Amino acid sequence: MNPWLNAALRVLACIGLMLLNGALIIYMLRKVLGHMHLRLGPTELGPAGIIQLIPDVVKLLVKEDRHPGKTDRWLYILAPFIIFVPALMTWMAIPFSNHLMAIDLNLGVLMILSFLTIGPLGVFAAGWASHNKFALIGAMRAIGGAITYEIPMVLSALVPVMLAGSLSLKDISLAQAGSFWYWLPGLPCLVIFFISSIMETNQSPFDMSEAEGELVEGFNVEYSAMRFGFMYLAEFANNFIMAAIIVCLFFGGWTLPFVNPTTMGWLAPVVFLIKTYLVIFLFMFVRGTFSRYRVDQMLALGWKKMMPIAIVYTALVAFVLKVIAMKTGGGM
Amino acid sequence: MSKKWFPTGIFKALGIVWKNLWRKNIVIDYPWEKYPMPERARWSVQLKYDEEGAIKCTACGICEKTCPICAIQIDVTTDPETRDKHINHWEYERGGCMMCGLCVESCPFDAIYQDTNIELAHESRDLIRIDLATDVDAAKAKRAAAPKPAAKPDAPKPEAGEEKPATKPATEEGGKADESLA
Amino acid sequence: MKLEKTHVNSVLDAAHVSVKSVNEDAHLGIVIRVEPDDVRATLSALRDGELKFEMLIDTFGADLSVYGDDADTETPIEVTYHLRSFVNDCDVRVKMRLPFEGVYHSVIDIFTSVLLPERELCEMFGLYLEDHPNPKRLITNPKFTTPLLKSVPIRGKEEVWNR
Amino acid sequence: MESLDQDLKSFTLTQDQFVGYDNQGWLSLEEPEGIPVPRNLRRIADDPNKMSTEHFILNLGPCHPSTHGVLREVVELDGENIKSSEAHVGYLHRGIEKLCENSPWTHLAPYMDRADYAGGIYSETALAHAVEELGEIEVPDRAHWLRALMGEVNRMASHFLWLGPLGLDSGAMAPFLYMIWDRETLLEVLESVTGGRLMFNYVRPGGVLNDITPDAEAKLRKWLDIADDRMQEHWDVLMASELFQQRVKGIGVVSHEMAMSMGATGFVGRASGIDWDLRRDRPYGPYSQLDFNVATATEGDIWARIMVRYDEMLNSINIMRQLLDGMPEGPHMAKMPRVLRLPKGEAYGLVEGCRGEIGAHIYSDGGTTPYRVRYRPPIQYHLAIADTVLPGQMLADAIVSLASFDFCFGEVDR
């Protein structure tokens with residue numbers, strides 16, 4: 001096959017998956033939050049409101065693309081893409097099964113985490129370019145938060161990496177199939193990673209940058225139509241990515257215990273997706289329940305609690321691994 | 001109170017939400033399923049009809065004077081000889097009505113009521129201002145049986161052909177209506 | 001506790017405050033009528049005196065220019081301060097009269113609670129608010145007339161029907 | 001444009017016509033020409049020794065989702081911290097006090113409903129008390145008990161409408177919906193008894209309009225059976241959560257002195273240590289025969305206000321049970337003349353409303369209509385307090401702090 005065509009097809013598949021995921025998460029969000037709140041969610045269009053999304057997307061597409069008067073025009077246009085494109089890129093390295101992935105990067109974890117770091121930059125650009133006070137406060141919060149949660153997140157991601165001895169998500173998943181899932185040795189890291197993921201995906205209780213109570217919609221208050229849709233889509237994509245990384249790092253990716261991970265065939269992506277959406281359900285569960293943190297409390301949580309724990313635990317795991325390696329004479 | 005080292009409260013909250021996730025929903029699927037309105041619910045004003053299908057309204061105008069926001073306007077022509085009243089228009093502005101029910105309480109002939117239909121939204125402003133009765137004869141009140149005459153016979157009445165009834169500052173008019181009642 | 005005239009008089013005498021009258025109203029209880037110049041002294045005396053009227057419950061005005069027999073066109077605007085003592089469980093009202101477009105001196109340094117009601121009072125009755133930290137209109141627009149004066153008519157039925 | 005604070009009172013302005021502290025595009029401290037800075041909005045100079053950001057003015061409201069109606073709170077922000085604030089009200093002014101002068105004494109209840117639109121029964125009752133005091137009208141026992149019963153139902157409904165949105169303002173969505181469920185049940189009871197869900201027009205001078213219906217009573221009893229469980233559930237889902245407690249403890253502190261000097265009544269006063277409840281200390285109607293206690297706190301922060309009100313709700317449930325069980329027989333309305341004329345004079349009727357002391361001071365000149373009606377709005381006093389405690393808080397806390405005072409702008413503006 002032509003390598004260019006091959007690459008293009010892979011990118012297209014990623015985009016398609018992302019859109020599909022967006023549709024699925026929107027429906028799931030509406031239904032899950034609805035039932036949590038003793039409501040029903042969408043019911044009218046299609047069976048159980050399943051095609052409610054289509055008119056919503058049409059609405060977003062045909063809405064007026066409004067530019068408020070004093071915006072920084074180019075940055076305002078660019079910002080949704082700064083948020084959207086990294087979210088798209090991260091899909092490349094997600095291993096749905098042994099061979100079903102866009103690129104088998106051997107630095108997958110690093111690649112995804114670094115691309116996710118660009119997202120808050122887009123949030124900041126959007127908030128700044130909107131030239132709105134609420135948006136600006138949201139942008140400031142997003143940057144403050146980004147610095148806070150990314151360090152503990154990367155540190156806690158290091159534990160499975162060390163345990164597996166690889167930065168490739170595929171290898172980490174496969175390593176867990178051979179021994180045990182890493183949530184057991186990395187439980188504090190899992191908790192830290194989970195909290196950081198909620199912060200990363202801007203969800204309650206850490207949705208500082210778009211806190212509806214105080215900042216109306218925060219950084220995207222001036223965005224309308226499909227620009228807003230892009231931001232929304234990127235948020236859902238990030239949602240999926242974070243859940244997928246949690247599954248890969250701590251819950252064995254597509255693997256199941258006592259099953260040969262290389263010969264699962266069509267079952268592998270199904271297992272992977274089920275695991276991922278269960279984690280997403282957990283996100284929504286937390287989102288629907290708790291009250292929002294205050295921004296200084298979030299920073300305190302990040303710097304004073306999560307970071308020391310992550311550093312100490314990572315060091316501890318590294319030390320233990322080194323001791324084991326020395327005992328067994330392995331080449332760690 | 002000692003500081004708790006472990007946040008048990010948040011798990012309590014999660015538990016309640018989990019419980020509610022499996023509870024039956026409480027909403028009404030509105031257009032298909034409707035909330036049973038209580039009998040006393042007060043919504044838009046309607047005219048009552050007697051057994052023969054004629055309106056019970058005697059065009060005494062008490063509701064018109066009672067209404068705090070002047071949502072009711074009855075355009076009446078009185079026969080100068082027989083004192084029979086003819087209702088040209090019984091206009092009711094639903095858009096301004098605050099559904100307080102004072103008109104229904106004050107009606108001495110029990111001729112109006114408030115129905116429980118909540119679907120009062122309309123596409124046009126004209127549809128909100130409605131004519132409940134056009135060009136009908138007012139019921140002949142059994143004035144002797146009624147508690148007190150609604151209006152003195154010699155009170156100035158709007159004449160035929162006049163678009164608007166004679167109006168005075170609202171305070172005076174309200175006061176007069178009450179005096180005539182007392 | 002049932003508040004007697006003598007209690008109030010003794011408190012006022014102790015603070016050397018001159019008042020116009022101290023009456024016992026059938027429905028309101030003790031009502032102290034004062035000149036506008038004495039109102040601050042009276043309120044201070046009541047607050048700091050032994051009866052401890054510590055809280056100002058309400059401040060409001062009334063336009064008495066057509067108030068039956070008591071109609072008074074010289075000083076038609078009656079301002080009432082409603083004080084309460086929690087210790088003794090009793091209420092007292094201090095009333096003063098002001099002319100139309102008179103000057104109302106704020107009592108905000110005695111009772112902070114008049115912050116908003118004073119602003120409302122002065123815009124509603126067309127008084128000039130002095131010594132207030134923020135003497136703006138509270139509720140209505142600058143072009144709005146002073147609504148609660150009796151000379152301002154209520155919108156008539158004709159106007160309603162023609163809307 | 002004469003004055004800054006009047007700009008937004010016309011909602012028809014477009015972007016081009018808009019002058020003032022708009023939220024879009026005006027980021028510096030420089031004032032637009034010809035627009036005076038509100039005098040209450042104190043400019044806090046930067047400390048040159050400290051690193052600080054540029055201050056800017058932020059409009060919270062009148063269309064902000066968390067200001068509960070039409071409060072416009074103009075705050076000066078240093079980053080996230082509020083340096084000074086000023087409340088602007090008046091967006092819901094309808095001239096209720098003036099309109100009351102136009103209606104007969106018995107027709108004032110609809111206006112009173114619209115003053116405090118979340119706790120209408122109490123406003124009506126306050127006015128009815130004043131009229132009965134002045135006219136020396138004997139009210140039958142049953143009417144008093146029905147007023148108290150419907151009032152407590154309304155108090156519960158109103159408190160649910162406060163506690164749920166308080167959680168919503170702090171970001172918790174689920175508790176709001178659960179509380180709305182209970183509120184809905186109570187509103188159904190109110191609707192089937194009074195005929196209105198919010199605008200009751202129920203309490204009249206001389207009694208109440210309608211007697212309670214058997215099915216409304218059954219519905220209320222059914223709810224009272226599960227009420228304690230429901231309240232426990234609300235506690236668990238919102239207040240037991242440490243996340244929420246972190247948001248409300250020690251925030252928005254109203255000291256005892258401030259509460260005393262600024263006229264805090266009701267739950268705000270009780271949370272700051274003013275042990276005063278009109279139901280207990282000036283008992284009206286059946287309250288002298290009922291058994292309930294009044295919770296107080298001394299901290300004066302949001303958590304104290306929540307505690308006081310939560311306890312008030314539990315007591316309300318208790319009171320409702322006692323009222324239903326002990327309801328005396330008899331007429332629900334006194335014999336009233338067709339047209340009520342009150343003797344010349346003044347009277348003050350008070351009642352412990354949902355938000356504090358609701359009072360109606362009436363002047364009668366002997367006619368059929370009031371000469372002057374003054375509605376004492378507790379929330380207006382609380383608004384001044386909220387405005388005073390706002391500086392020094394963070395923006396996120398300010399929202400919760402404002403919400404904890406339970407504003408109802410029909411009452412402030414009237």
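Student: In what order do the three strands of the open sheet in chain D run?

Tutor: This is a predicted model, where local features need pLDDT of at least 70, side-chain atom pairs count only at pLDDT 80 or more, and totals for chains, interfaces and linings use all residues. Residues are numbered from 1 along each chain as written, chains are lettered from A and ligands numbered from 1 in the order written, and side-chain values use heavy atoms, without hydrogens and water. Strands here are DSSP runs of E, at least two residues, and helices are runs of H or I, at least four, numbered from the N terminus. The pairing in chain D is antiparallel, and the order is 1-2-3.

Student: Which strands of chain D stand at the edges?

Tutor: Look for a single partner strand, where pairing takes at least two DSSP bridges. An edge strand has one side left without a neighbour in the sheet, so in chain D the answer is strand 1 (55–60) and strand 3 (81–88).

Student: What stands opposite D:Leu58 in strand 2 of chain D?

Tutor: Strand 1 and strand 2 (residues 72–78) of chain D pair in the antiparallel sense over six bridges. Opposite D:Leu58 you'll find D:Val75.
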